[in-house]
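The sequence and structure follow.

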Amino acid sequence: MKGVVLATLCVVFTGLAIFSSCFAPSAKEKGKMLADKYCSSCHLPVDPSMLDKETWTKHVLPAMAPKLGIRVWSGDQYYPVEGQRQEGQISFQEWVELVKYYEQQAPEKLSPAKPPVPLQHDWFGFSIKRPVGVDSPGVATTTMVSFDTTAARIFTSDGYKSTLSAWDSSLRKVNSWQLPSAVVDMLYTRDSGKSSPAIITQIGNMRAVDEPAGIISRLNINDPASKKTDLMPFLKRPVQTLQADFDKDNLVDLLVCAFGHNQGGLYWLKQLPDHRYEQKTITEIPGAIHAEVGDFNGDGWPDAMVLFAAADEGIWLYENDRHGGFKSINLLRFPPLNGSTGFQLVDFNQDGKLDILYTCGDNADFSMVLKPFHGLYVYMNEGNNSYRQAWFYPVNGCTKAVAADFNLDGKTDIAAIAFFADLKNNPAEKFILFEGKDHQLNFTPHAPPIEKEGRWICMDVRDMDGDGDQDIILGNYGKGFNILDGYTPDWKEYQPFIVLENKRK
């Protein structure tokens with residue numbers, strides 16, 4: 001009897017062991033659970049397939065380890081930290097398993113994306129105009145280009161020299177202002193239809209640091225001898241300034257995106273009765289790179305839609321609560337490897353709702369490899385703050401896109417630049433014009449032959465010559481940020497910009 005009991009118990013325990021082993025997570029499943037648990041505290045979890053094995057193990061994971069309480073030695077060697085772990089930090093054994101998960105699941109190499117429609121190499125109705133008198137051996141580091149259509153002139157800024165320059169309609173430089181740092185955004189103000197002093201955003205430092213050296217200033221661009229007036233100093237790498245009367249007190253306020261590095265934020269600069277500005281924090285997280293202002297919920301008060309491009313990347317709607325604050329609503333979230341660069345609100349399908357044209361391609365971080373998911377996306381507005389991805393065109397290192405009807409056929413076209421393009425194998429993708437064929441997101445991509453003219457980091461689209469069609473200016477950052485091994489630049493490093501003149505009219 002005792003033997004029967006023992007045999008029965010043996011069978012029971014054996015069955016339990018088999019049952020337990022059937023439900024024990026595999027190494028892959030456990031690795032994914034660890035990634036979901038620890039990585040999602042800062043951003044969307046990232047699938048191992050998004051990067052190659054070497055980039056994960058030699059660059060990205062060593063950079064992430066200190067954020068989770070793991071010490072790094074000699075680049076990619078890890079060791080445990082003595083003492084008790086802080087909340088949210090991973091154990092050393094879990095970290096080892098997490099690293100193994102990415103190492104085993106990541107591909108050896110990333111496969112390049114295949115564009116759905118091949119590039120057409122033609123001018124698409126444009127012709128090139130070059131600036132006059134800039135064939136010197138110096139290097140152009142253009143950080144901003146801007147059409148001032150009221151006065152038929154162009155403004156550019158240089159990152160090395162920290163200058164703001166004005167160019168007349170013949171593309172000859174007519175004036176230059178020396179500033180503390182490079183201008184990256186320019187807001188034209190109007191007074192009774194006439195030009196008023198512009199608001200310029202000076203980044204402070206082009207490098208990824210948290211130095212509070214950025215300044216929002218006012219400058220009389222109609223007076224060559226004018227000096228800037230600072231409206232708000234000590235910001236961490238501000239990149240854009242917009243206007244709106246957020247509290248309806250008949251004083252125009254400012255909205256500032258301060259990208260920062262590990263620190264930054266989105267700020268409301270409330271104008272006071274004496275015309276000074278009070279800084280009010282909307283959110284104090286880094287990565288604010290682009291915003292649009294409008295009454296997005298239809299209540300008559302200005303709201304803001306903002307793209308964040310650091311760690312937890314995505315687009316958020318900040319609804320004005322009409323009491324001096326904002327309610328945050330997430331519209332879209334993107335993986336932290338996207339390197340979000342900008343967005344525009346466009347009604348692509350003519351249904352009366354604004355859709356989102358989004359670009360990603362910043363590649364100056366820990367994962368400096370060409371990524372097949374970089375490019376242009378369209379998210380269709382389905383109402384109630386819901387957006388659906390409806391179109392993607394792969395462009396390595398895509399930096400900015402602007403939608404407009406360039407050929408005047410009533411359909412939406414898109415101009416796009418890519419600073420981190422595949423310069424070695426596909427330099428034509430540095431600038432692409434997408435010709436809209438209908439209202440259903442069918443495009444034919446055109447690549448004008450301007451690969452040797454520069455490397456484009458900024459762009460503006462306006463009717464420069466007043467002839468009724470949209471012209472394009474491209475800013476050249478001539479040297480630096482080369483992520484491709486064995487590649488030597490072959491474009492004009494000295495040329496600060498070019499203009500693509502639309503010849504439709």
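Strand E5, residues 153–158, is mostly covered, with six of its six residues buried. The model is predicted. In a regular strand, side chains alternate between the two faces of the sheet. In E5, Arg153, Phe155 and Ser157 point one way. Ile154, Thr156 and Asp158 point the other way. All of these residues are buried.

E5 pairs with E4 in the antiparallel sense. E5 and E6 also run antiparallel. The table sets out both pairings.

Phenylalanine 147 has isoleucine 154 of E5 as its bridge partner. Serine 157 stands opposite leucine 164 in E6.

Both turns deserve a look. The hairpin of E4 and E5 has four residues between the strands, and alanine 152 takes a positive phi near 50°. The hairpin of E5 and E6 also has four residues between its strands. In that turn, serine 162 has a positive phi of about 55°.

## The whole chain

The chain has four helices and 32 strands. Its radius of gyration is 26 Å, close to the 23 Å that the globule rule gives for 505 residues, so the chain is as compact as a globular protein of that length. The C-alpha atoms fill a box of roughly 105 × 55 × 50 Å along the principal axes. Of the 505 residues, 52% count as buried.

The chain carries 50 positive and 63 negative side chains. The centres of the two sets lie 4 Å apart.

Key. Residues numbered from 1 in each chain as written. Predicted model: local features only at pLDDT ≥ 70, side-chain atom pairs only at ≥ 80, totals over all residues. Heavy atoms only, no water. Helix = DSSP H or I, 4+ residues; strand = E, 2+ residues; numbered from the N terminus. Rg over C-alpha atoms; globule rule 2.2 N^0.38 Å. Buried < 20%, exposed > 50% of the residue type's maximum accessible area, 1.4 Å probe, protein only. Lys, Arg positive; Asp, Glu negative; His and termini not counted. Charge placed at Lys NZ, Arg CZ, Asp CG, Glu CD. Pairing = 2+ DSSP bridges.
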